[in-house]
Amino acid sequence: MEYFKELSSNVSEFIRKMSPSQVTMLIGVSLSIIVGLFVAASWIGGEINYSVLYSQMDASEAAEVVMYLDENNKSYKITDGGRTIQVPSDEVYSLRISLASEGLPQSGNIGYSIFDQSNLGMTEFLQNLNFRRALEGELMKTIMQLNNVQAARVHIVMPKDRLFRQDRKDATASIVLKLKKKGGLDKSQLSGITHLVASSVEGLKPENISIVDYHGNLLSSANETDVLAGLTTSQLEVRKNAEKYLEGKAQSMLDGVIGDGKSIIRVSVDMNFRQVEKTSELYDPNSSVIRSEEKTEESAAATDKQDEFAESKDDKKVETSIANYEISKTVEHIVNSVGNIERLTVAVMIDGIYKDVENTEGVLENIYEPRPQEEIDRLTAIVKSAVGFDQQRSDQIEVVNIPFDKQSMEHDQQQLDQMVQLEFYYDIAKKIGWGLLAIVVLFYARSKAKRLFSSLGRLLPGVRVIPKTVISEEEEDEEESIAIEDEEPMPVVVKKKRKATVVDSMQKVANEKPEEVARAIKTMMLEGTHNE
């Protein structure tokens, strides 16, 4: 008790010695700490984490769900302009089950669950309509599970069955996508959505599916042949890939011979995308085989009319033979491959040779010299071999030896070097900045720690706080428990391994001459009070 009394008296005396501004600051800091602790405690204990219950809802759907939540006294939040409803995270699934038992939401992504409701007396037209709605809803749910797809709408047109084939029409579909970010779907993903819908609807072809976004931009590309375009998108892509492949083969060989940047190759490929199916039957008249043979024999006898019982005088015999021959036949069904190369056109530009020549003034100049014709012929043969040049196919190649524009190439190289150099300097400056920031934070934390220890030493005169424990150089590698006390035993146990520092030296002086140190501190506090 005496210790606490002395502590309170020391605190009150310390406060009385403070200036009014210091007292005001102390009170403000104390109140700020109390309020901060109270707010933190209330925030930690009372914060409610909300999760999405339903999103992308219509106004009527949202109104019904909100009415149900109000009737059952459930907390919720409405975001996204009233289209998204959030509830506490621990009640999401239970509320979804409860709402589903009430048949909410009634509209939206309707799936095959629409057939769970048995309606007597439903006509065939309504059955077909419900089937189409259910199919559209299931496809919407599946598409919305994809990444970068925020919302989707699917519209399917399924024509009626016709008796005659020429009167039948193909099924069509339209898909509207709301993407999370612009350009969120690439060609492969769009093709996947197209084939997903085509595989889910009977009689629906991929070319009869259109995909647009919420801004009205067409995302899908038709695969049917366009008369104006000449080639479809897939055919044009095949042609570009073939040209790029041949250019890469020839360019890599020339770069290995004359060096990088010394040649430019462009290849144009004419491809035949016509698909021809041919069926032929060939007969060989010289090769025949008996398939079947039929023989018939008939015999008759001539008798005397006068004597019925007389023996026959003359007999007649008739033979008939029928033979069927099979002529050898050859049936061929030929399907020509698609994408055959009909003609190649190759253009090659080769840079010349540059030599340093001393002019009349004694200055070296970089003079261009064309390559010898023999070397050009050899390079032409290399390019022909690389691209598969065929003279019978009327392929064409043109090789030109022409000086390149070195100024633009040097300028581009200089810009590239400058970008690399700037990136290198930026990386170094970034590392230096982080290092300086770490040093500043370290010094700031050290100064704050010193002020804290000094304040505790002034507030607790009976106990001296030792931030670092070093008794002597001989015991610096040992772990000790040090208890320092004046009147009552108030041990402060510290276990550390540190070397003697300036703070330790100051602590040693304070231990040896406490009266002089206390007198000096008191003098400094009085001077500071008078100055303020």
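Thr-380 sits in helix α8, residues 373-387 (helices are DSSP runs of H or I with at least four residues, strands are E runs of at least two, both numbered from the N terminus). This is a predicted model, so local features need pLDDT of at least 70 and side-chain atom pairs count only at pLDDT 80 or more, while totals for chains, interfaces and linings use all residues. Residues are numbered from 1 along each chain as its sequence is written, and side-chain values use heavy atoms, with hydrogens and water left out.

With 14% relative accessibility, Thr-380 counts as buried (buried is under 20% relative accessible area, exposed over 50%, partly exposed in between, with a 1.4 Å probe and protein chains only). Its side chain reaches back to the backbone oxygen of Ile-376 at 2.8 Å. Neighbours within four places in sequence aside, Thr-380 is in contact with Ile-397 and Val-399 (contact means heavy atoms within 4.5 Å).

Ser-263 belongs to strand β7, residues 263-272, and is also buried, at 6% relative accessibility. Not counting residues up to four places away in sequence, Ser-263 touches Gln-251, Leu-254, Asp-255, Ile-258, Met-349, Ile-350 and Phe-404. With Gln-251, the link is a side-chain to side-chain polar contact at 3.0 Å (N or O atoms within 3.5 Å, where within protein one must be able to donate a hydrogen and the other to accept it, and residues adjacent in sequence count only if both atoms are side-chain atoms).

Turning to charges, the whole structure holds seven salt bridges (a side-chain nitrogen of Lys or Arg within 4 Å of a carboxyl oxygen of Asp or Glu). One of them joins Lys-205 and Asp-170 at 3.9 Å, N to O. Lys-205 lies in strand β6 and Asp-170 in the loop between β4 and β5, so this pair ties together parts 35 residues apart in sequence. Both ends are partly exposed, Lys-205 at 38% and Asp-170 at 43%.

Arg-239 and Glu-243 pair up at 3.4 Å; being four residues apart in helix α7, they are separated by about one helical turn. Arg-239 is partly exposed at 25%, whereas Glu-243 is buried at 16%. Asp-270 joins these two in a network of salt bridges. Another bridge, at 2.8 Å, links Asp-395 and Arg-393, with Asp-395 buried at 6% and Arg-393 partly exposed at 24%.

As for the overall picture, the protein has 11 helices and 13 strands, and buried residues make up 19% of its 532 residues.
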